[in-house]
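Dear colleague,

I am passing on a structure for you to look through, and below it you will find notes on what was found. Please keep the structure open beside the notes as you read.

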Amino acid sequence: MDPKRMTRRDWMRVLGATGLATGAGALAGSGPACADPAQRKDAPRGVRVAGPDHPPAILRDGKVIQPERQLALLHETDVLVVGGGPAGVVAALAAKRAGVRATLVERYGHLGGLWTGGLVLIVIGHIVTGKKQVCQGIGEEMMRRLEKLDRGICNRQPGRNPTVDAEALKYVMVEMVMEEELDVFLHCWGVDAIMEGNTVRGAVFESKSGRQAILAKVVVDASGDGDVFGAAGADHERRKYHAGLVHRIGNLDQVAKDAAKPEARLLGSITPVAGVRWVNMQGPDIDALDVAELTKLELNARRLIWRNVEKLRQTPGYEKVYLMETAPQLGVRITRVLNGLHWLKMSDVLGGVRFPDVVAVGGAWNGDHQEWQIPYGALVPKNVDNLLAAGRCISGEPLMSDLIRVIPNCFITGHAAGAAAAVAVKDGCLVRDVEVPKVQKLLLQQEAYLG
Ligand SMILES: Cc1cc2nc3c(=O)[nH]c(=O)nc-3n(C[C@H](O)[C@H](O)[C@H](O)COP(=O)(O)OP(=O)(O)OC[C@H]3O[C@@H](n4cnc5c(N)ncnc54)[C@H](O)[C@@H]3O)c2cc1C
């Protein structure tokens with residue numbers, strides 16, 4: 001069949017035949033889900049529901065009261081990882097590969113966090129002085145898998161900062177969690193911690209299934225925003241920082257250089273896809289835990305980006321350029337930061353301080369300083385048990401934020417948290433009492449670099 005002449009109905013038939021179409025009809029292999037309603041025999045089947053799904057909130061004396069209720073148990077696991085960004089995916093894989101039950105929960109419908117959904121495609125901070133690559137382990141395995149895909153990654157040469165394709169990386173992450181038979185729940189938003197005294201016993205999630213609980217022996221907070229340790233009452237700081245919306249522009253290989261006035265210039269940064277570049281946005285300092293501020297920034301940024309690209313399209317030579325995509329996920333850099341057993345300091349980074357409980361070795365922006373050690377205590381809360389932080393919300397002074405939050409430094413702290421959680425489960429101890437040499441041994445077995 002000539003693809004140019006295919007009708008929408010033809011496409012639906014092809015997708016149905018390959019199992020790619022959406023909707024109940026397609027999953028059952030019974031043909032397109034959008035056929036003429038008058039011809040259809042498989043209309044949705046319904047069950048009549050009387051009364052609310054759960055006791056609703058009550059307005060009493062001008063106050064909104066949530067009545068006490070028992071929550072349904074969605075799942076029970078050894079290690080529960082909340083947040084499916086670079087830190088969370090690596091943490092869950094590390095725990096599962098160590099031989100315990102691990103569960104990964106993500107609020108959106110894809111994995112990768114800001115790396116994919118935020119379109120933050122360039123991996124900065126995996127190298128140090130002398131172009132040595134220090135960030136290794138499961139995150140590095142993702143890069144190697146991307147190399148095997150057409151247009152999966154570019155600039156993978158030693159000493160350079162590679163850039164990934166968001167769709168290829170989402171695919172790689174799905175492959176890895178499915179190969180490992182990890183328990184995954186998407187579309188589940190962690191809204192509360194489950195506490196027994198000072199010990200975290202799981203988390204509460206809100207989804208289309210309602211409010212449900214997952215019980216766990218250890219919880220890893222990889223939400224980026226410290227949503228679980230915030231709810232659990234762990235000592236932490238709330239910070240304001242730049243937040244922005246990233247976007248991708250297409251057809252940049254079709255700029256008519258001769259006609260371009262002013263002279264053709266390179267917009268944004270390279271991606272593995274020809275003619276497509278991604279454009280970063282610094283954005284204003286906001287409290288990204290404030291929904292009104294998030295909304296204002298998102299609306300303004302979307303309007304600004306559209307108008308900028310339209311202006312560009314009216315520039316001679318740039319007529320074919322178009323806005324391909326704005327990031328589905330707003331680019332939030334820093335919000336809650338744990339005040340853990342160890343507080344990472346820039347003076348330690350620059351002084352090359354070494355720690356006996358090292359569980360990760362971080363890289364530098366553009367390889368412009370030496371490697372630095374991350375001790376286990378930077379992941380462990382002071383006043384709450386059986387909870388670990390991973391990724392951009394681990395414990396450190398404000399000056400450290402820009403170093404802690406880069407993608408490779410997030411996947412190595414995720415790796416450390418997942419490994420430590422698995423050791424705690426196997427040894428039946430609190431995460432603060434974990435024997436760190438056992439964690440180090442496991443990390444080395446999983447090809448992490450510890451200096
Ligand atoms: C605009 C911008 C530009 C950047 N540029 C670079 C760069 O050039 N190079 C670089 O290396 N780094 C860059 N970064 C930093 C980097 O992208 C992030 O710091 C990194 O992705 C953080 O990883 P993470 O796993 O800790 O958190 P995230 O990537 O934020 O992932 C957290 C995940 O948890 C999920 N989640 C959050 N809350 C909940 C909840 N309550 N319940 C369930 N799931 C939840 C989120 O949906 C997300 O998937 C940039 C960041 C921004 C915002």
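Please bear in mind that this is a predicted model. Around the ligand there are 40 residues, of which Gly83, Gly85, Gly113, Gly224 and Gly391 come nearest. Sorted by class, this shell holds 19 nonpolar, 14 polar and 7 charged residues.

Helix H3 (86-97), strand E10 (189-196), strand E20 (331-332) and helix H10 (407-427) each supply at least two residues of the shell, and H3 gives the most, with 3 residues.

H3 has 12 residues and reaches 17 Å from its first C-alpha to its last, which is close to the 16 Å expected at 1.5 Å a residue. The helix is mostly covered, with 11 of its 12 residues buried; among the buried ones are Pro86, Gly88, Leu93 and Lys96. The cover over the buried residues of H3 includes strand E3 (72-82), strand E4 (102-105) and strand E12 (210-221), together with helix H4 (138-147), helix H5 (166-179) and H10, and H10 is also one of the elements that supply at least two residues of the shell around the ligand. Just after H3, Gly99 takes a positive phi of about 100 degrees.

With best wishes

Conventions:
Residues numbered from 1 in each chain as written. Predicted model: local features only at pLDDT ≥ 70, side-chain atom pairs only at ≥ 80, totals over all residues. Near = placed C-beta within 6 Å. Helix = DSSP H or I, 4+ residues; strand = E, 2+ residues; numbered from the N terminus. Nonpolar A, V, L, I, M, F, W, Y, C, P; charged D, E, K, R; others polar. Expected span 1.5 Å × (residues − 1). Buried ≥ 20, exposed ≤ 12 C-beta atoms within 10 Å, placed from the backbone. Contact = placed C-beta atoms within 7 Å.
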